[in-house]
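The sequence and the model are shown first.

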Amino acid sequence: MSTRMLEVQQKVFQALLTNTNLVSKVTGIFDSVPENTNLPYVTFGKIASQPLNTKTSDGEMISVSIDIWSEKQGKKETVDIMSEIELTLKTELVLDTATLISQRVINREAWEETYGLFTGTIEFEIKTIWEEI
């Protein structure tokens, strides 16, 4: 296997679903949003990977962006949901096919996408070393 991007996204998704405060604030957490879904909701945005290979080990640095979508005026709802996501992902992920080296927030943003639609993004960096099974 050359990347653990999908496994990391699945583990992040599972972790987010365990936060009852987050789940109660949104209509869903999606990779692909079903048509006619009410706001607010959370989606997976960009996921990217950079190899972290050495002579003795293989690994990668995975960047996961999570997007928040809201119609509430102002950025409060967006930032509140973002805070719940960050709180959830303070707990280290447990991966099946890699060892977690580090996990941290590298960026947060909130803005008005179009009139009446507010968006936020929180980006996590997850460094791993691979274990072959």
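**Entry 1, the model.** I noted that this is a predicted model, in which local features need pLDDT of at least 70, side-chain atom pairs count only at pLDDT 80 or more, and totals for chains, interfaces and linings use all residues. Residues are numbered from 1 along each chain as its sequence is written, and side-chain values use heavy atoms, with hydrogens and water left out.

I looked up helices (H or I, at least four residues) and strands (E, at least two), which are DSSP runs numbered from the N terminus. Helix α1 covers residues 5–18, and its 14 residues should span 20 Å at 1.5 Å a residue; the end C-alpha atoms are 20 Å apart, which agrees. The expected span is 1.5 Å times one less than the number of residues.

I then listed the buried residues of α1 (buried means under 20% relative accessible area, with a 1.4 Å probe and protein chains only). They are E7, V8, Q9, K11, V12, A15 and L16. Among the elements they pack against are α3 (76–88) and β5 (117–130).

I found I126 in strand β5. I126 counts as buried because its relative accessibility is 2%. Leaving aside neighbours within four places in sequence, I126 is in contact (heavy atoms within 4.5 Å) with residues including V8, V12, I62 and L100. I126 and L52 are 74 residues apart in sequence and 11 Å apart in space, C-alpha to C-alpha.

Two strands pair if DSSP finds at least two bridges between them. Strand β4 (residues 98–114) runs antiparallel to β5, and 14 bridges join them. I saw that E109 stands opposite T121 in β5. The hairpin of β4 and β5 has 2 residues between the strands, and G116 takes a positive phi near 85 degrees there.

Conventions:
Buried < 20%, exposed > 50% of the residue type's maximum accessible area, 1.4 Å probe, protein only.
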